[in-house]
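Colleague: I would like to learn how to read a model of this kind, feature by feature. Could you take me through it slowly?

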Amino acid sequence: MTNFGILIKQSRENLGLTVRALADAIGKSPGYISRIEVRGEIPSVELVVELAAALKGNAEQFLECAKNDSMQRATNEV
């Protein structure tokens, strides 16, 4: 699980949202949310902002976390 995945899961759980409720809020499938939370998939910038809004979070914090995970993944691949 990536830091971004952890952030999404913790934010969702803090609001008492199910995976399905979050997925519905951003127009995606519950499987997509699971891929973010469990497998560390990093969504597009636009979707990160939508997730932050749905989770009542700070978009800049969510974007920074997603960017850091993406950079770490790229570094590990080199």
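Colleague: Is Lys56 buried or exposed?

Modeller: Buried means under 20% relative accessible area, exposed over 50%, and partly exposed in between, with a 1.4 Å probe and protein chains only. Lys56 has a relative accessibility of 69%, and therefore counts as exposed. Its place is in the loop between helix 4 and helix 5 (59-77), where helices are DSSP runs of H or I with at least four residues, numbered from the N terminus. Phi of Lys56 is near 55°, which is a positive value in a residue other than glycine.

Colleague: What should I keep in mind about the origin of these values?

Modeller: This is a predicted model, in which local features need pLDDT of at least 70 and side-chain atom pairs count only at pLDDT 80 or more, while totals for chains, interfaces and linings use all residues. Residues are numbered from 1 along each chain as its sequence is written, and side-chain values use heavy atoms, with hydrogens and water left out.

Colleague: Which residues of helix 3 are buried?

Modeller: In helix 3 (residues 30-39), the buried residues are Tyr32, Ile33, Ile36 and Glu37. They lie on the same side of helix 3, because they cover an arc of only 130° around the axis, the arc being that of the directions from the helix axis to the C-beta atoms. Val38 and Arg39, on the other side of helix 3, are exposed. The cover over the buried residues includes helix 1, helix 2 (19-26) and helix 4, contact being defined as heavy atoms within 4.5 Å. After helix 3 comes Gly40, with a positive phi near 80°.

Colleague: What sits over the ring of Tyr32?

Modeller: A charge sits over a ring if NZ of Lys or CZ of Arg is within 6 Å of the ring centre and within 35 degrees of the ring normal. Here the charged end of Lys28 sits over the ring of Tyr32, at 5.6 Å from its centre.

Colleague: Where does Ser11 lie, and which residues is Ser11 in contact with beyond its neighbours within four places in sequence?

Modeller: Ser11 belongs to helix 1 (residues 3-14), and it counts as buried because its relative accessibility is 14%. Leaving aside neighbours within four places in sequence, Ser11 is in contact with Leu55 and Phe62. A polar atom of the Ser11 side chain also lies 2.8 Å from the backbone oxygen of Leu7.

Colleague: Is Val45 buried or exposed?

Modeller: Val45, in helix 4 (residues 45-54), counts as exposed because its relative accessibility is 53%.

Terms used. Helix = DSSP H or I, 4+ residues; strand = E, 2+ residues; numbered from the N terminus. Polar contact = N/O pair within 3.5 Å; in protein donor to acceptor, adjacent residues only side chain to side chain.
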